[in-house]
Amino acid sequence: MTDLKKMTSSRRHHLKSLILGIAKDLLAAEEKQTEEERVRYMEEKCPPLSLPGSLQELQDLCKELHQKIDVVDEERYDLSVKLAKSEKEIEDLKIKVQDLIGKFKKPALKKVRMSADAMLQALLGSNHKVSLDLGQSLFKTEKEAVGDWRKNIEDKAGMGGRKKMFESEA
């Protein structure tokens, strides 16, 4: 660090411009190499198209192209399935790592015998008066439902009570 402080600003600027020039050259070479690889790949995978003269040869060419398209689609599907499987595996491993990092021992819980009323009172506070009588409330609602059903049977018989009118005439 002391060497940087002793260096003059013009020297520092000169070194910085040299480094940027080298980086620019490296980027240009990398772009040229990727372009060459792309051209080579396209020449290998996509030969120049020569259209045949007769209809039969053209149909054969179309069939061949369709078969190649099917092969490429199968490869694309296989790769997408592999990718999805790998991503799922990565997610599972991330979750496992988080679980392992955050592992802690759960304390043994003691069994406590407590009535439902006492449990609700503990949850809601001591000033709330709660009584839990499930059997009686179920019995009451069942009794009321039966009573309502028997009382309204004539209304539910159909046509808003007009059924009696038709029965009496017949």
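Colleague: Why are Asp 73 and Arg 76 said to be separated by about one helical turn?

Modeller: Asp 73 and Arg 76 are three residues apart in helix α3, so about one helical turn separates them. Keep in mind that this is a predicted model.

Colleague: What makes the contact between Asp 73 and Arg 76 a salt bridge?

Modeller: The distance from N to O is 3.8 Å. The cut-off is within 4 Å, for a nitrogen of Lys or Arg and a carboxyl oxygen of Asp or Glu. The value passes, so the pair of Asp 73 and Arg 76 counts as a salt bridge.

Colleague: Why is Arg 76 called exposed, and what is Asp 73 called?

Modeller: Arg 76 has 55% relative accessibility. Asp 73 stands at 35%. That value lies between 20% and 50%, so Asp 73 is partly exposed.

Colleague: How many salt bridges does the structure hold?

Modeller: The structure holds four salt bridges. One of them joins Arg 38 and Glu 35, with the closest N and O atoms 2.9 Å apart. That is within 4 Å, so the name applies.

Colleague: How do you know how far apart Arg 38 and Glu 35 are along helix α2?

Modeller: Count the residues. Arg 38 and Glu 35 are three residues apart in helix α2, so the separation is about one helical turn. Arg 38 has a relative accessible area of 48%, and Glu 35 has 40%. Both values fall between the limits of 20% and 50%, so Arg 38 and Glu 35 count as partly exposed.

Colleague: What makes Glu 64 and Lys 68 a salt bridge?

Modeller: Their side chains meet at 3.5 Å, N to O. The limit is 4 Å, so the pair qualifies. Glu 64 and Lys 68 lie four residues apart in helix α3, about one turn of the helix. Glu 64 has 38% relative accessibility and Lys 68 has 43%. Each counts as partly exposed.

Colleague: Which residues line the largest pocket?

Modeller: Glu 64 and Lys 68 are among them, and so are Cys 46, Pro 47 and Leu 61. The pocket has a volume of about 260 Å³. Helix α3 (residues 55-101) gives the most to this lining, with five residues.

Colleague: How do the lining residues of the largest pocket divide by class?

Modeller: The lining has seven nonpolar, no polar and three charged residues. Cys 46 lines the pocket, and Cys counts as nonpolar.

Colleague: What is the volume of the second largest pocket, and which element gives the most to its lining?

Modeller: The volume is about 160 Å³. Helix α3 gives the most, with five residues. Its lining includes Tyr 41, Lys 45, Val 72 and Arg 76. By class, this lining has four nonpolar, no polar and three charged residues. Lys 45 and Val 72 line the largest pocket too.

Colleague: Why is Cys 46 called partly exposed rather than buried or exposed?

Modeller: Cys 46 has 45% relative accessibility. Buried means under 20% and exposed means over 50%, so 45% falls in between. Cys 62, at 38%, also counts as partly exposed.

Colleague: How many disulfides does the structure hold?

Modeller: The structure holds zero disulfides. A disulfide needs a pair of cysteine sulfur atoms within 2.5 Å. With a count of zero, no pair passes that cut-off.

Definitions and conventions: Residues are numbered from 1 along each chain as its sequence is written. This is a predicted model: local features need pLDDT of at least 70, side-chain atom pairs count only at pLDDT 80 or more; totals for chains, interfaces and linings use all residues. Side-chain values use heavy atoms; hydrogens and water are left out. Buried means under 20% relative accessible area, exposed over 50%, partly exposed in between (1.4 Å probe, protein chains only). On a 1 Å grid over the protein atoms alone, a cavity is a set of points where a 1.4 Å probe fits but cannot get out, and a pocket is an open set with protein on both sides within 12 Å along at least five of seven lines; lining residues have an atom within 4 Å of a point. Grid points are joined across faces, edges and corners, and a volume is the space filled by probe spheres set on the points. Helices (H or I, at least four residues) and strands (E, at least two) are DSSP runs, numbered from the N terminus.
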